[in-house]
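I opened this entry to keep track of what I looked up. The sequence and structure come first, and my notes follow.

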Amino acid sequence: MRIKNTPEHFGLMTKLFHWLIAMAIIGLIGLGWYMVDLTYYDKWYNKSLAWHKSLGMLVLAAALLKIVWQLYSPIPDTTADLANWERLGANIMHKLLLALMILIPISGYLVSTSDGKAVDIFGWIDVPALVSKNKELRDLAIELHYYMAYATVVLVLGHIAAALKHQFVDKDATLVKMLWR
Ligand code: HEM
Ligand code: HEM
């Protein structure tokens with residue numbers, strides 16, 4: 001399988017980035033919802049939060065690498081045969097998803113660091129706080145993190161519906177190309 005993208009096909013790197021980030025984001029949203037319902041004294045509270053932060057920071061790193069990779073090796077245009085409004089819609093949807101992959105972890109990083117703490121990634125690396133303790137910033141970051149996660153749920157549901165429409169209604173190869181072709 002080719003590593004780089006071609007004008008016709010997604011390469012291995014793009015597929016790996018897409019599916020690893022997709023699984024991580026879906027997992028992080030589930031974990032996020034689960035952990036905010038725990039109380040501080042629950043034995044899973046600290047563990048689940050530590051996992052959430054670590055995995056979220058890895059998503060940030062992966063999303064940045066994915067964008068750099070796509071600048072070097074552009075993704076194929078799978079929308080050439082679609083109507084103009086569909087092309088525009090797909091483009092905006094993908095750009096928004098890319099932006100959220102970066103902005104959600106940054107807002108999460110600000111939630112944690114505006115409390116005066118560095119972010120520890122699985123005990124391997126400490127990402128230092130770039131801001132000092134700041135209650136207003138923390139409240140704003142919590143709100144942004146929350147709304148952007150919900151916006152992601154809506155966009156991803158639309159994204160999955162679009163992929164299924166390609167597969168079962170249009171009967172084209174869009175989903176198959178992102179999976180293995
Ligand atoms: C793509 C990555 C991420 C996603 C999709 C995500 C998603 C979520 C969700 C859905 C919640 C629950 C929100 C609520 O219902 O109140 C949450 C909470 C939280 N997340 Fe993330 N998160 C991500 C990355 C991060 C990162 C990188 C950090 C920190 C370094 C972080 C720190 C937190 C914290 C501290 C909370 C609890 C906030 C509170 O106390 O209300 N998240 N996240
Ligand atoms: C099970 C869930 C998912 C399915 C079935 C799926 C399917 C697909 C397919 C078929 C494409 C190619 C579309 C085209 O070229 O027009 C695509 C592209 C894309 N998907 Fe997903 N996807 C899923 C989850 C996600 C998630 C969770 C995200 C991020 C939050 C995401 C972000 C993207 C982006 C940004 C693209 C544009 C191409 C790229 O930059 O790699 N997808 N997806």
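**Ligand 1**

I sorted the shell around ligand 1 by residue type and got 15 nonpolar, six polar and one charged. Here Ala, Val, Leu, Ile, Met, Phe, Trp, Tyr, Cys and Pro count as nonpolar, Asp, Glu, Lys and Arg as charged, and the others, Gly among them, as polar. I noted that this is a predicted model, in which local features need pLDDT of at least 70, side-chain atom pairs count only at pLDDT 80 or more, and totals for chains, interfaces and linings use all residues. Residues are numbered from 1 along each chain as its sequence is written, while chains are lettered from A and ligands numbered from 1 in the order in which they are written.

Which residues come nearest to ligand 1? Of the 22 around it, I listed Gly-32, Lys-53, Gly-56, Gly-108 and Ala-149. A residue is near a molecule if its C-beta atom, placed from the backbone, lies within 6 Å of it. At least two shell residues come from each of α1 (12–36), α2 (43–72), α3 (84–113) and α4 (135–170).

**Ligand 2**

I then looked at ligand 2, which has 22 residues around it; Ala-22, Thr-78, His-94, Ala-163 and Met-178 come nearest. This shell divides into 14 nonpolar, eight polar and no charged residues. I found that α1, α3, α4 and α5 (174–179) each supply at least two residues, and α1 gives the most, with six.

**The chain**

I counted five helices and two strands in the protein chain. Helices (H or I, at least four residues) and strands (E, at least two) are DSSP runs, numbered from the N terminus. From the N terminus on, I read the order as α-α-α-β-β-α-α. Along the principal axes, the C-alpha atoms fill a box of roughly 55 × 30 × 30 Å.

How much of the chain is buried? I wrote down 15% of the 181 residues. A residue is buried if 20 or more other C-beta atoms, placed from the backbone, lie within 10 Å of its own, exposed if 12 or fewer, and partly exposed in between.

**Two positive phi values**

I checked phi, since most residues other than glycine have a negative one. Phe-122 has a positive phi, near 45 degrees, and sits in the loop between β1 (119–121) and β2 (125–127). Phe-122 is exposed because 12 other C-beta atoms lie within 10 Å. Lys-171 also has a positive phi, near 55 degrees, and its place is the loop between α4 and α5. Lys-171 counts as exposed because it has 7 C-beta neighbours inside 10 Å.
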